Amino acid sequence: MPRVLSETDVADFRERLCEAAERLFAERGPDAVTMRQLAQELGVSPMTPYRYFADKEDILAAVRASGFNRFAQALEDAYASATDARTRGAAVGEAYVTFAFEHPHTYKLMFDLNQPHEEKYPDLVAAGHRARGSQTDYVKALVADGVITGDPDEIGQMMWAAAHGAVGLELAGKLPAGSARSLLRHMNGAIARGLRPGA
């Protein structure tokens, strides 16, 4: 008689499956990975993953949602660790770059991959919103303190675009190793100077 799985058993297996999927997706690309290969990675029968996920797209959405949540948590922790608006902005920028280079495969799956019908995966949608929020919270603090002026959401998107551009170029080998961090500081400084009251 099959063993009845507890919620912990289910969560543990889902996590193990997502870890294996993240690695295989990064190594081979999601299109080259099958459910059978994922099952092999974990030493289970080919049908076992279907007890936990509907299909490969469902697993990919879970992997990406986990990535967005870990990313957002890193930025939120950086924000909470600083004491004023300026140092919060610097801490968030540093956390962004650190996460991207410590987890390059996760970062690429999060941002360089699009899934059709993303709305079918509410956890992924929520994690994406959380990540976007973590990109604007520190900007709202800068605007509230009068350090810069403008729409916080729009400015947050500009800062995010700058960070993603610098990180993406370095990850692709188009910038020398270690240069994204310095480039991002200069870009953010230039954007902030242009947004100062009266500038």
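At least two residues each are supplied to the lining of the largest cavity by α4, α6 (122-144), α7 (152-171) and α8, helices being DSSP runs of H or I of at least four residues, numbered from the N terminus. The model is predicted, so that local features need pLDDT of at least 70 and side-chain atom pairs count only at pLDDT 80 or more, whereas totals for chains, interfaces and linings use all residues. Residues are numbered from 1 along each chain as its sequence is written, and side-chain values use heavy atoms, with hydrogens and water left out.

A search of the whole structure finds one cavity of 30 Å³ or more, a cavity being a set of points on a 1 Å grid over the protein atoms alone where a 1.4 Å probe fits but cannot get out, with lining residues having an atom within 4 Å of a point. The largest cavity has a volume of about 60 Å³, taken as the space filled by probe spheres set on the points. Its lining consists of Gly89, Val92, Gly93, Tyr96, Gln135, Tyr138, Met159, Trp160, Ala163, Leu184 and Asn188, to which α4 gives the most, with four residues.

The axes of α4 (residues 85-102) and α8 (residues 179-194) come within 10 Å and cross at roughly 155 degrees, the axes being lines fitted to C-alpha atoms over the stretch in contact and the angles running from 0 to 180 degrees between N-to-C directions. α4 is therefore roughly antiparallel to α8, a term applied to angles over 145 degrees. The contact (heavy atoms within 4.5 Å) is made by Gly93, Glu94, Val97, Thr98 and Phe101 of α4 and by Ala180, Arg181, Leu184 and Arg185 of α8.

Technical notes:
Parallel < 35°, antiparallel > 145°, perpendicular 65-115°, else oblique. 1 Å grid on protein atoms, 1.4 Å probe; cavity = no way out; pocket = protein on both sides within 12 Å on 5 of 7 lines; lining within 4 Å.
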